[in-house]
Amino acid sequence: MNEIGNGGLNNVEMEHIRRHHRHEPGENQCGSALVKHIRAPVPQVWSLVRRFDQPQKYKPFVSRCVVRGNLEIGSLREVDVKSGLPATTSTERLELLDDNEHILSIRIIGGDHRLRNYSSIMSLHPEIIDGRPATLVIESFVVDIPDGNTKDETCYFVEALIKCNLKSLADVSEGLAVQDRTEPIDRM
């Protein structure tokens, strides 16, 4: 995908990124913003994204999640990662949960992985696809580049994880949207 500030995104997407995705990568960091168009209305998609306590509902690499305390800004979650990734746990803090603007931001503060100083922002925006309500999802991140890795390697790895998560979010959301649009069979 595109690094923040680079071409390839349309004007609407760039405006949403400018307004809601204010990362300032440091010298030894990389960052990027990825976009996904989902054929499901914002409330449907947001109902999954806003569940800081249940990321496994759409994130395929999460096997378990335990939240400490109430679900509020500053809440921490302990995430268990499925095998196959170079990690088993991650400790994450809820930075922002805005139900009006549909923005979720998290920061990774611990775990047995190499994603140091990782911060992400996900925003949802209404759009129309083929005459139906749909959702533009933008997820941006910034993270330290680990010793022994290049900026490109680090961004590629994180982008691959986010693309997987966004595809899964689309699959789950679109599946729910189709169920909601289905008319009962016994209507005759």
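How do strand 5 and strand 6 pair, in the parallel or the antiparallel sense, and over how many bridges? Strand 5 (103-111) and strand 6 (residues 119-129) are antiparallel partners, joined over five bridges. Here strands are DSSP runs (E, at least two residues) and helices are runs of H or I with at least four residues, numbered from the N terminus; two strands pair if DSSP finds at least two bridges between them.

This is a predicted model, where local features need pLDDT of at least 70, side-chain atom pairs count only at pLDDT 80 or more, and totals for chains, interfaces and linings use all residues. Residues are numbered from 1 along each chain as its sequence is written, and side-chain values use heavy atoms, leaving out hydrogens and water.

- Seven strands form an open sheet in the order 1-7-6-5-4-3-2, with antiparallel pairing.
- At its edges are strand 1 (29-38) and strand 2 (62-68), each pairing on one side only.
- Ser105 has Ile121 of strand 6 as its bridge partner.

**The largest pocket**
- A pocket is an open set of points on a 1 Å grid over the protein atoms alone, where a 1.4 Å probe fits and protein lies on both sides within 12 Å along at least five of seven lines; lining residues have an atom within 4 Å of a point.
- The largest pocket has 29 lining residues, and Leu85, Ile108, Leu115, Phe157 and Leu161 lie nearest its centre.
- Helix 3 gives the most to this lining, with seven residues.
- Strand 3 (76-81), strand 4 (89-98), strand 5 and helix 3 (151-181) each supply at least two residues of the lining.
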